[in-house]
Amino acid sequence: MENVLIIHVDQLRRDVLSCYGGKEVQTPNIDFLAENGVLLENFYTPSAVCTPSRGCFFTGNYPHENGAYRNGIPVKKDAHGFAEAFAKAGHHTGYLGKWHLADHKERGDDLGEYNPLGFEDWDYKVEFGHCKSVAYENGKVRPKREVGNKRSYTTDWLTDETIKFLNNQLKNTSPFLFTVSIPDPHQPFEVRPPYDTMFDPLKVEIPESFWEREIPDWAERDTWGRLHYYPYGLFEREGHLRRLKAQYLGAVKCIDDNIGRIIQCLKDTGLWENTMVVFTTDHGEYMGEHGLMEKNNLYESVYHIPCVISMPWKNIQERRCNTWINVVDFAPTLAGMLGIPYPFKVQGKDLSTHLLENRETEQVLYIHPSDVPRAGILTPEFELAYVGKGWCEEEFHDHILFDMRKDPLQMTNVFGKPEYAKVQKMLTEKLKRHFEEIGTPKKFLPKEVWTVEEKDGN
């Protein structure tokens, strides 16, 4: 039986990686994983927020089904995950790094009572948050805000611990499934030397939409809006973005270098040939698009995320897979790829055959709400989304419809335009059916997406 190593990072843009066409950072080690397996061109998360996306990834169920529908809300006690399925099949399962699926949000908090979703070997049960170094205090691991060195910087330390785990597997006869979750390149945008000076702020690329004048009301004024990040009139508006992006690129390069160390360990230990390595993230990062940073808005780029899967033992004809795969599909698909029975109910689909044979699936993503009413649908041709009250308690009205073929940068909102009326109606009906079928509580949806009367407090 094959081993599985999952490297899960936080808030990574897909177009930063050179295997996805990025030019600013060369990521030869992540590229190497893709060259020895498959690169998913169309991997999407239904919620561009840490906890909801991670809940979907590990359980195969949408946020309001698994319970983790926003940051700080844990997965349900009775939720199941793919690690549990692998453990039942005889794999030794382990976890390391940021969890973000318990009810603690601060770095260094003990996870307390939580559902580990089938991960058995877990030496450091703390919520790593977005720390920049790790220290030992009174025999316990404590994440720190200060930027560390090559031994204590969080990415390096997690890599060292992963290498220890891999070396220890030489003593075991059972296969393993291990996840290492790296908090970078999520903010705060600071990275250790020499990566902190590796990229010149004056030479980084600035997205065209950074200078966009008119954007939807929610994108302008809500808690995650442009007024919070890069409002017009901000002193050195472009300079602020350049300096942050240079640090972000450095963090990505640090991650790639450490993945190179992990690959070398797999080769040195003889584990490489029978270990699947999955590299992915929970969501993207706007990095200046529309004057925004971070995630948790409705523009497409933070939902469209990277995922590469190495399978050195398998002869794969098509290395770039165009199959549309939702994060909720990951759990059953991973099990299907390795022939592991999946005994738990999931809303995702086993697309393992589609992935390995590059088959087409329905090309659609449904954007799910968290704790404010927003919902959307994304296809290769269009994105439609509805909004309601925002995090700032203001009622927003600028629903969006973007023609993705004509306007890939999403700078021209055609919602309500007569020539798009049929498309808008068709997409709205699909959106309504989806949320009705999966039972998303009505209170979390914009009224335009309501399909049935509220029942039993929903």
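Strands here are DSSP runs of E, at least two residues long, and are numbered from the N terminus. With that settled, here are some close-ups of this predicted model.

**View 1. Thr333 in its helix.** Let's start with Thr333, a residue of helix α9, which covers residues 330-337. Its relative accessibility is 3%, and because buried means under 20%, Thr333 counts as buried.

**View 2. Polar contacts of the Thr333 side chain.** Two backbone oxygens deserve a look in this view. A polar atom of the Thr333 side chain lies 2.7 Å from the backbone oxygen of Asp329. The side chain of Thr333 also reaches the backbone oxygen of Lys349, at 3.1 Å.

**View 3. The surroundings of Thr333.** Here we set aside the neighbours within four places of Thr333 in sequence. Thr333 is then in contact with Lys349, Asp350, Leu351, Ser352 and Leu355.

**View 4. What lines the largest pocket.** Strand β2 (37-44), helix α8 (237-268) and strand β12 (320-326) each contribute at least two lining residues. The largest share comes from β2, with 3 residues. By residue class, the lining of the largest pocket has 16 nonpolar, 11 polar and 12 charged members.

Methods
Residues numbered from 1 in each chain as written. Predicted model: local features only at pLDDT ≥ 70, side-chain atom pairs only at ≥ 80, totals over all residues. Heavy atoms only, no water. Helix = DSSP H or I, 4+ residues; strand = E, 2+ residues; numbered from the N terminus. Buried < 20%, exposed > 50% of the residue type's maximum accessible area, 1.4 Å probe, protein only. Polar contact = N/O pair within 3.5 Å; in protein donor to acceptor, adjacent residues only side chain to side chain. Contact = heavy atoms within 4.5 Å. Nonpolar A, V, L, I, M, F, W, Y, C, P; charged D, E, K, R; others polar.
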